[in-house]
Amino acid sequence: AVPVSTIVSKSNDDNSESNGKHRLTDDVERIVQEHLQYVREDVSNGWDLIHQDGEMKVYRREVEENGIVVDPLKCFHTIKGVTGHEICRYFWEFQYRMEWETTLDSTKIIEALDPDTVIFFQLHKRVWPAAQRDSCFWSHIRCISHSDEDQPTWLVVNYTTPHPLAPIKSPQVRLVANVALICETIISEPPLDPKDIKRENIQCKLTYVAFVNPGGWVPSAALRGVAKREYPRFLKRFTSYVVEQTRNKPILF
Ligand code: 18C
């Protein structure tokens, strides 16, 4: 028989206890709820439109903390032919990351907390003259159902966390990220039978928000320049990638 003390200590360390909770469950819940509130706030006050390309709009607010640029970013986009679930799935899944992410040298999963929540460790491309950045964050995907008739909202949140398997090693600098991708699916002229819905009848309304602290001083103008170039580039490349990948596949609602 296993001594009771062993069972207790095992269940304390275990990430997938029988109630489905893990050590970051409460944090994940709190941050998801914050994003669901924040996504409704509009961008009329204090936000600058820094890029527009067709349906894509990228806004930012200039904010510095202790002389470090931490500008919040908010992007809106509408993509034809894909669902919110598809967009979120390709953003969250490890296996596609290096196919659309152009700012990374490497990515790996260092822990799986539950089927919808994993911890990533990533090494970002170095931008001269700044030090190379790395990041360690939990990444959570979720479907939020409003009613049986409506299409659900899908969301992914990436949120910085420390991890024993990802110690900070100089000369790398750990950046701090709080990122959310929130997607709704719109079906135009819905046929009577849901099985008849075609890709031409669907579109995804996407909101992407990012709070990134570079984790150490970087020249403000250089950082703002990189951000202004890289966020629109990411949105364009990532969403076209999902359109290409899903074009001839059954629709994932
Ligand atoms: O959300 C995105 N990707 C996710 C999966 O990887 C995940 C990523 C979170 C981290 C976002 C911050 C990335 C900073 C990268 C720094 C290096 C940029 C290199 C570019 C060189 C070609 O959620 C999509 C993320 C899209 C990232 C756009 C870049 C934003 C720049 C922010 C500045 C950070 C400071 C870096 C030092 C700058 C030096 C001048």
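**Entry 1: terms and model**

I work on a 1 Å grid over the protein atoms alone, where a pocket is an open set of points that a 1.4 Å probe fits, with protein on both sides within 12 Å along at least five of seven lines. Lining residues have an atom within 4 Å of a point. I join grid points across faces, edges and corners, and take a volume as the space filled by probe spheres set on the points.

The model is predicted: local features need pLDDT of at least 70, side-chain atom pairs count only at pLDDT 80 or more, and totals for chains, interfaces and linings use all residues. Residues are numbered from 1 along each chain as its sequence is written, and side-chain values use heavy atoms, with hydrogens and water left out.

**Entry 2: largest pocket**

I looked up the volume of the largest pocket and found about 1000 Å³. Its lining counts 42 residues. T103, H124, L175, V212 and Y231 lie nearest the centre. I then listed the elements that give two or more residues to this lining: α4 (97–100), β7 (117–124), β8 (133–144), β11 (176–187), β12 (202–213) and α5 (220–246). Helices (H or I, at least four residues) and strands (E, at least two) are DSSP runs, numbered from the N terminus. α5 supplies the largest share, 9 residues.

I sorted the lining by class: 25 nonpolar, 7 polar and 10 charged residues. Ala, Val, Leu, Ile, Met, Phe, Trp, Tyr, Cys and Pro count as nonpolar, Asp, Glu, Lys and Arg as charged, and the others, Gly among them, as polar.

**Entry 3: the ligand**

Where does the ligand sit? I find the ligand in the largest pocket; the test is that more than half of its atoms lie within 2 Å of the grid points. The shell around the ligand holds 21 residues, each with a heavy atom within 4 Å. The closest are E101, Q122, N158, Y208 and Y231.

I checked polar contacts next (pairs of N or O atoms within 3.5 Å). The side chain of Q122 has an N or O atom 2.9 Å from an oxygen atom of the ligand. For N158, a polar side-chain atom is 2.8 Å from a ligand oxygen. For Y208, the distance from a polar side-chain atom to a ligand oxygen is 2.7 Å. Alone, the ligand exposes 890 Å², and the protein buries 95% of that. I took the areas from the Shrake-Rupley method with a 1.4 Å probe.

Elements giving two or more residues to the shell are α4, β7, β12 and α5. α5 gives the most, with 4 residues. By class, I count 13 nonpolar, 4 polar and 4 charged residues in the shell.

**Entry 4: second largest pocket**

I read a volume of about 300 Å³ for the second largest pocket. Its lining has 15 residues, with V39, T153, I182, E184 and T207 nearest the centre. β5 (73–80), β11 and β12 each give two or more residues to this lining. The classes are 7 nonpolar, 5 polar and 3 charged.

**Entry 5: backbone**

Which peptide bonds did I note as cis? The bond from W128 to P129 is cis, with omega near 5°. P129 is in the loop between β7 and β8. The bond from S170 to P171 is also cis, with omega near 10°. I place P171 in the loop between β9 (153–160) and β10 (173–174).

I also noted N66: phi is positive, about 50°, although N66 is not a glycine. N66 lies in the loop between β3 (64–65) and β4 (68–69).

Technical notes: A polar contact is a pair of N or O atoms within 3.5 Å; within protein, one must be able to donate a hydrogen and the other to accept it, and residues adjacent in sequence count only if both atoms are side-chain atoms.
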